[in-house]
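Student: Could you walk me through how to read the features of a protein model?
Tutor: Gladly; let us look together.

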Amino acid sequence: MNYKNGKYKIESIYIRNLSDKLGTPAYIYSYNKIKNNIKKFKNNFQKINPLICFSVKSNSNLDIIKIMKKFGIGADVVSLGELILAIKAGINPKKIVFSGVGKKSDEIKYAIEKGILLINAESENEVIEIEKIAKKKNKKVKIGIRLNPNTDAKTLKNISTGKKENKFGIGLKDFLKIVNKFKNSRYLNISCLSVHIGSQITSNKPYDKMIKIIQNTIDRCGYKFEYVDLGGGMGIKYNNEKEINYNKYEKSIMNFLKSNDSKIIFEPGRSLIGNAGVLLTKVIYIKDGGIKRFIILDAGMNDLIRPALYKANHKIMTAVKSKNFINKKHEFVGPICETTDSFGIFPKFQKLKQGDILIIGDVGAYGKVLSSNYNLRPSSPEILIKGSKYKIIKKRQKISELI
Ligand SMILES: *Cc1c(COP(=O)(O)O)cnc(C)c1O
């Protein structure tokens, strides 16, 4: 995914040519980038030999999940829909964990029927509900309990999940109470302590703190967990962000494992798929307002909501580079009738004209999955490139399907 002679290329395909065939906006993924991300992730934690469960909510395209499965990855799901999808992709239920604060009884029932590895519960009432259903089915069900470690992930406020004011997980006191109350249940096997402190984390400190709190919690429980699920959250480089030091993270986990005989689970989403996808879009109009040049695109916040929702900054690149720049503020906006429908302001930009193709970078995670039909706009297609071949892995929605 890079330029060759000034033209943006994904694997062996020039994007300018592809956009004529497929139309815009369109999500494009690189097969080999995904493969490399998986390989890197495994290498980073080689000594730990963890179970890696891809966070399906970050990208729930069936073909993408099938790639994960092909390389031995399991699934972390947060809804019945994601669970059905993961099973359809061929992922072994023994590699599926189910997270989320609001699982309904039909979702829990299905998970138990399929015999997934773990249901990670996030409240005492949920544990009671799981026990009730397990009893009805006369099964012993493995569950995890999600600890809220009250750790600041030092990430964007809206994607932080591990502080006590967040709705996720269970605080230390209640955690201890629940383990005690249910450890001898006939229908539940408390097998896992799970955490997930947030997303797009770029420093090791929150993880180090989290591991200390897990250790402290286990010491106070006096209970052996078969699994410790550390969640996901590893950040990627959208612009100049740092990446966490995987070597250090692995070391602190190794250290933890010296005194704990548990299997480690990870639930990465963004770090496996984020940088493997781009969004193609076309310049519809250019409006030269007094102090700003508005570049009006055919992709809007309905296609990619991260900038509007989290103030996320994505790179914007041209399909064909030139050295001709305009030294004026450029704001890239979508067609949606909302002021927040903006992909960012750049102090200067390459000279653009109507019909030019642009590439919004690093949208593989929380891109297509968060898209909507706002303004009654049809959902964009998804395309997977592998070498010199491409495959449409999700068709462009038709307006007739919406009406
Ligand atoms: C969203 C989520 C993840 C994945 O987070 P990333 O930042 O994409 O790695 C993992 N676990 C749980 C419980 C989640 O909600």
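**Reading the model, feature by feature**

Tutor: Helices here are DSSP runs of H or I with at least four residues, strands are runs of E with at least two, and both are numbered from the N terminus. This is a predicted model, in which local features need pLDDT of at least 70 and side-chain atom pairs count only at pLDDT 80 or more, while totals for chains, interfaces and linings use all residues. Residues are numbered from 1 along each chain as its sequence is written, and side-chain values use heavy atoms, with hydrogens and water left out.

Student: Which residues of α3 are buried?
Tutor: Buried means under 20% relative accessible area, exposed means over 50%, and partly exposed is in between (1.4 Å probe, protein chains only). In α3, residues 62-70, the buried ones are Leu62, Asp63, Ile64, Ile65, Ile67 and Met68. At the start of α3, a side-chain oxygen of Asn61 comes within 2.9 Å of the backbone nitrogen of Asp63. That is a polar contact: a pair of N or O atoms within 3.5 Å, where within protein one must be able to donate a hydrogen and the other to accept it, and residues adjacent in sequence count only if both atoms are side-chain atoms.

Student: Which residues other than glycine have a positive phi?
Tutor: Most residues other than glycine have a negative phi, and most peptide bonds are trans. Asn49 has a positive phi of about 50°, and its place is in the loop between α2 (31-44) and β5 (51-55). Gln200 also has a positive phi, near 55°, and lies in the loop between β10 (188-194) and α8 (205-221). Asn49 is exposed, at 52% relative accessible area, whereas Gln200 is buried, at 9%.

Student: Where is there a cis peptide bond?
Tutor: Look between Thr24 and Pro25, where omega is about -5°. Pro25 sits in the loop between α1 (15-22) and β4 (26-30).

Student: In what order do strands β1, β2 and β3 form their sheet?
Tutor: Strands of a sheet pair through backbone hydrogen bonds, either parallel or antiparallel. Two strands count as paired if DSSP finds at least two bridges between them. Here the three strands make an open, antiparallel sheet in the order β1-β2-β3. β1 (2-4) and β3 (13-14) are at the edges with a single partner strand each, so one side of each has no neighbour in the sheet. Two bridges join β2 (residues 7-10) to β3, and Lys9 has Tyr14 in β3 as its bridge partner.

Student: Is the pairing of β8 with β9 parallel or antiparallel?
Tutor: Those two run parallel, joined by three bridges. Ile119 has Ile143 in β9 as its bridge partner. Five of the six residues of β9 are buried, so this strand is largely enclosed by the rest of the structure.

Student: How many salt bridges are there?
Tutor: A salt bridge is a side-chain nitrogen of Lys or Arg within 4 Å of a carboxyl oxygen of Asp or Glu. By this rule there are 16. In one of them, Arg146 pairs with Glu122, with the closest N and O atoms 2.9 Å apart. This pair links distant parts of the chain, 24 residues apart: Arg146 is in β9 (residues 141-146), and Glu122 is in the loop between β8 (118-121) and α6 (124-136). Arg146 and Glu122 are both buried. Another salt bridge joins Lys181 and Glu124, at 2.5 Å from N to O. Lys181 is in α7 (residues 172-182) and Glu124 in α6, 57 residues apart. Glu124, Lys177 and Lys181 are linked in a network of salt bridges.

Student: How many residues surround the ligand?
Tutor: A residue is near a molecule if one of its heavy atoms lies within 4 Å of it. The ligand has 14 residues around it, the closest being Lys57, Ser199, Gly233, Glu267 and Tyr366. A polar side-chain atom of Ser199 is 2.3 Å from a ligand oxygen atom. A polar backbone atom of Gly269 is 2.9 Å from an oxygen atom of the ligand. Taken alone the ligand exposes 390 Å², and the protein buries 94% of that; these accessible areas come from the Shrake-Rupley method with a 1.4 Å probe, and for residues only the protein chains shown count as cover.
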